[in-house]
Amino acid sequence: MRNSIKRFVEKISESILFLSSTVTTLSVLLIVIFLFKEGLGIFNKDPIEEGQMVVINKNNPIRKVVSADIKNIFDQNITNWKQVGGKDDSIILFRMDDIGNYFTEEQLGDTFQFVPQCLAKLVDSIPGIIAYIPSKYFNKDFPARELPMEKITVGSFIKGKEWFPTAQPAAQLGVYPLLIGTLIVSLGAILIALPLGLATAIFMAEIASERLRKILKPLVELLAGIPSVVYGFFGLVVIVPFIQQVFHLPVGETAFAGSVVLGIMALPTIITISEDALRTTPRAMKEASLALGANKWQTIHRVIVPYASSGITAAAILGIGRAIGETMAVLMVTGNAAVIPHTWLEPVRTIPATIAAELGEAPHGGLHFKALFALACILFIITMAINLFVAYISSKNKMSKR
Amino acid sequence: MSLIIETKDVNLYYGDFHALKGISMEMQPNTVTAFIGPSGCGKSTYLRLFNRMNDLIDAVKITGTINIDGKNVYEKGVDIVELRRKVGMVFQKPNPFPKTIFENIAYGLRVNGVGDKHFIEDRVERSLKQAALWEEVKDKLKKSAFELSGGQQQRLCIARALAIEPTILLMDEPASALDPISTSKIEELIHELKKNYTILIVTHNMQQAARVSDATAFFYLGNLVEFGTTKDIFTHPNDIKTQNYITGRFG
Ligand SMILES: Nc1ncnc2c1ncn2[C@@H]1O[C@H](COP(=O)(O)OP(=O)(O)O)[C@@H](O)[C@H]1O
Ligand SMILES: [Mg+2]
């Protein structure tokens, strides 16, 4: 009797464990699938908001244009069809707001019931026209041609030089500036954090007395527990004005400010992991070095650091990983300008900051919304690659130390 | 050119723990002296006095004198780097650096400021030959030292110690982690090295002590119980504790 109850309880707890691990795995998978399903939704589509379209006169012989050209046309940077490979004819822009310039209220009808006919007449009569209209007016009788344009591809998404997803009529979905922004901020962060973190780790592992170490270690761990908004706030109030004054800049919100804040945030990761790695150096290895007449510094830089090098590499990469994914603090101090930076002292915008800043204003399910998911996919791929790399390094390391 | 080593009334404390109790003895140049005794009796502690390895441990207190060639190595102003160049050490477990075979041997030279490439190459070759390892590794000097077998690694560590041309060699159970074939190679090596070095060796293997050493010291609970020629200690020990230990009745 007793025994059967015991077995029953065992069975139950076993199934609970099984269930929770299944649920965890499934939810991770679901999140990834959801992310990619939404994100991949932007590819092979026109860069035009759904329900809208760009049409031209049916005799206009223009071949495919890219979305940057469309933006330039509507910004009037391009004013002749010749400039985009068409024939020599000036471009006449038309947006729905402009309809009052061509037709009277009477012509449009009191409930605007004649708008389709008016549009048809307009597009048919002006050879150089380009019109941004709701696609409901475009049926098989409509005497116009849809402007042929390049679809959004993975290549155009990654290499595109402009991020302006709310541009009308053609959204500019180029991740390149954001990618560069993310990389420059993260790279700067690691350049700041690695020397500082490594120095601290060496101090804690090899030089500090046991008592001092017992004070330092919790302090470093405390640094890891501070919410990122607080770092961002600190950056905004202290680092940003400081950078602005020191470098005489118009604004202090720069990639450099982001790097400093992220560098500070990456410190705990780097310090803790590399200190652990340094402390795994066998005592016998240090003694062997000292017994050969090496001093403490020679022993540290010739034996201990090389021995811990893979751990230190892992620490640096995980630090970068943390920096790349960090959102709030960066959003607060980098100025959020989606332009390709040429120096460290210019405002930039990172991928996570873009997602955080724009998700609220992007219409659910629209092109912009999906583009933000595509950004998230890129971020996911980067962090995944980083984690795989760390795993690879530590496995290689285990093998070489037998 | 090897030197006389002597200790006079040496006491060592790890904090409150009295680990060496008034040890006095004298070791002759170009001989092998074995330290035997049950585990924890202070053999390693005593051995590590001569290159001041115990300095690394917090709260160690040492009294008495330890002279090498008439000079007290614990005197103020002694250059520890200089001392450790003179007194090489081989540890219980092979502990090569995570470097190539070549760089392991070159390490001691490099940290002592030797930069001449040819000099280093010559010395690496000579040390490996002295340690009877040259033939086995001469084609893979650029390979990681971790790729060697345990016995080869220990001979590498011996070669590494020899590369800076010490006059005294401290060996703390150098064969305890090795198989019998590697062990006998190390023992042959000790025989060979005796011509040029003064060797102090800790061992818990009675046969090994009997085979390789000229003099033997028996330690027990931090005391030096008996010290004499290996022949005397093993054939007619004076102390009953020594006799019990070497005949395997405890330890
Ligand atoms: N770093 C240390 N701190 C405190 N006690 C130690 C330390 N090293 C060794 N001891 C103690 O000193 C005694 C002698 O140790 P050791 O010289 O290593 O013995 P053996 O080499 O003969 O086995 C042992 O009781 C050991 O516990
Ligand atoms: Mg020992």
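**A friendly note on the predicted model**

1. In chain A, the centres of domain 2 and domain 3, taken over C-alpha atoms, are separated by 50 Å. Please keep in mind that this is a predicted model. The domain assignment of chain A places domain 1 at 1-40, domain 2 at 52-152 and domain 3 at 176-401.

2. Now to ligand 1. Its surroundings include B:Tyr14, B:Phe17, B:Lys43 and B:Ile57. By class, the shell has four nonpolar, five polar and one charged residues. Helix 1 (residues 43-47) of chain B gives the largest share of this shell, with three residues.

3. Oxygen atoms of ligand 1 are worth a look. One is 2.4 Å from an N or O atom in the side chain of B:Thr45, one lies 2.6 Å from a polar side-chain atom of B:Ser44, and one is 3.0 Å from a polar backbone atom of B:Gly42. On its own, ligand 1 has 560 Å² of accessible area, of which the protein covers 62%.

4. Over all chains, the structure holds 25 salt bridges. One of them pairs B:Glu121 with B:Lys117, with the closest N and O atoms 3.9 Å apart. These two residues are separated by about one helical turn, because they sit four residues apart in helix 4 (residues 117-130) of chain B.

5. Another salt bridge joins B:Glu165 and B:Arg126, whose closest N and O atoms are 2.2 Å apart. B:Glu165 lies in the loop between helix 6 (150-162) and strand 7 (168-172) of chain B and B:Arg126 in helix 4, so the pair ties together parts 39 residues apart in sequence.

Definitions and conventions:
Residues are numbered from 1 along each chain as its sequence is written. Chains are lettered from A and ligands numbered from 1 in the order in which they are written. This is a predicted model: local features need pLDDT of at least 70, side-chain atom pairs count only at pLDDT 80 or more; totals for chains, interfaces and linings use all residues. Side-chain values use heavy atoms; hydrogens and water are left out. A residue is near a molecule or strand if one of its heavy atoms lies within 4 Å of it. A polar contact is a pair of N or O atoms within 3.5 Å; within protein, one must be able to donate a hydrogen and the other to accept it, and residues adjacent in sequence count only if both atoms are side-chain atoms. Accessible areas come from the Shrake-Rupley method with a 1.4 Å probe; for residues, only the protein chains shown count as cover. Ala, Val, Leu, Ile, Met, Phe, Trp, Tyr, Cys and Pro count as nonpolar, Asp, Glu, Lys and Arg as charged, and the others, Gly among them, as polar. Domain bounds come from an automatic or database domain assignment. A salt bridge is a side-chain nitrogen of Lys or Arg within 4 Å of a carboxyl oxygen of Asp or Glu.
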